[in-house]
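Visitor: I'm new to this one. Could you walk me through it and tell me where the labels come from?

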Amino acid sequence: MMAIEPIYRPTKRQLRVNPVKFTLWLFLVTVTMMFAAFTSALIVGRPDALENGTWFHYSIPSNFMVSTIVIVASSITMQWAYFAAKKNQVGLNRILLFVTMALGIIFVYSQYLGFKALIAEHVYFTGLVKVGSKYVSPVSGSFFYAITGIHAIHVVGGIIFLLFTLISALRFRVHSKNMLRINLCTTYWHFIGGLWVYLFALLNIYS
């Protein structure tokens, strides 16, 4: 009697994506598209604004350079906190999460000081400015305030995210076997940090 060999039927591997991660990445794509639209509007609209006299050159206050250094430093401490959680260094993870959150607050405050410095230079979000014999509404300040302001709102959201992650860490819920929350927080924080570096470079070029 001949032995009947079993028929091998390869099973398809299902690609499982965590729904929370998917939601975060979908949100980040949406934010990217929004700021891409801002970028396009700035680049396309600036030449016409220069031509019709509604674009005023302004110097970006040094506070925004300080905030850039702060956000880059916070990205380093955030990644360090992630590695600490992966190694079950609970105490170090908590400290680094707190430091990252503190740096985020410093970033927002430095942005606020930068806005005050711009107002002192008579750069406003909206309003009329007299040019020759007519009044025009400059758009250069509008672009700057809109782009940096909306980004700052996302940073505030990141600070709240960090706060909840820190609370979880204090409750021993952030460790090598429970990395989802800090993974999401790290991804989001790196995103808004990298986004700011890009925006800062863009606004310096088109100020």
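Visitor: Why is Asn-88 called partly exposed?

Guide: Asn-88 has a relative accessibility of 42%. Buried means under 20% and exposed means over 50%, so Asn-88 falls in between and counts as partly exposed. Keep in mind that this is a predicted model.

Visitor: Where is Asn-88 found?

Guide: Look at the loop between α2 and α3. Asn-88 also has a positive phi, about 60°, although it is not a glycine. Most residues other than glycine have a negative phi.

Visitor: What makes His-122 count as exposed?

Guide: Its relative accessibility is 58%. The cut-off for exposed is over 50%, so His-122 counts as exposed. His-122 sits in the loop between α3 and β1 (129-131), and its phi is positive too, near 65°.

Visitor: Let's step back. What pattern does the protein chain follow along the sequence?

Guide: Read along the sequence, it goes α-α-α-β-β-α-α. That gives five helices and two strands. Of the 207 residues in the protein chain, 39% are buried.

Visitor: Why are α3 and α5 called roughly parallel?

Guide: Helix α3 (residues 90-120) and helix α5 (residues 180-205) pack at an angle of about 30°. Angles under 35 degrees count as roughly parallel, therefore α3 and α5 get that label. Their axes are 13 Å apart, and the crossing is left-handed.

Visitor: Which residues meet where α3 and α5 pack?

Guide: From α3 come Asn-93, Leu-97, Thr-100, Gly-104, Phe-107 and Gln-111, and from α5 come Ile-182, Trp-189 and Trp-196. By class, this contact has five nonpolar, four polar and no charged residues. Gly counts as polar here.

Visitor: Which residues touch the most other members of the largest nonpolar core?

Guide: They are Phe-64, Met-78, Leu-97, Phe-144, Ile-182 and Trp-189, in a core of 49 residues. The elements that give two or more residues to this core are α1 (19-52), α2 (63-86), α3, α4 (140-170) and α5. The most come from α5, with 13 residues.

Visitor: And what is Met-78 in contact with, leaving aside its neighbours within four places in sequence?

Guide: Met-78 is in contact with Leu-97, Thr-100, Leu-162, Ile-182, Cys-185, Thr-186 and Trp-189. For the protein chain as a whole, take the contacts with a separation of 6 or more: residues 24 or more positions apart account for 79% of them.

Note on methods. Residues are numbered from 1 along each chain as its sequence is written. This is a predicted model: local features need pLDDT of at least 70, side-chain atom pairs count only at pLDDT 80 or more; totals for chains, interfaces and linings use all residues. Side-chain values use heavy atoms; hydrogens and water are left out. Axes are lines fitted to C-alpha atoms, for helices over the stretch in contact, and angles run from 0 to 180 degrees between N-to-C directions. Helices (H or I, at least four residues) and strands (E, at least two) are DSSP runs, numbered from the N terminus. Angles under 35 degrees count as roughly parallel, over 145 as roughly antiparallel, 65 to 115 as roughly perpendicular and the rest as oblique. A crossing is left-handed if the near helix is turned anticlockwise from the far one by less than a right angle, and right-handed if clockwise. Contact means heavy atoms within 4.5 Å. A nonpolar core is a set of buried Ala, Val, Leu, Ile, Met, Phe, Trp, Tyr and Cys residues joined through side-chain atoms within 4.5 Å. Buried means under 20% relative accessible area, exposed over 50%, partly exposed in between (1.4 Å probe, protein chains only).
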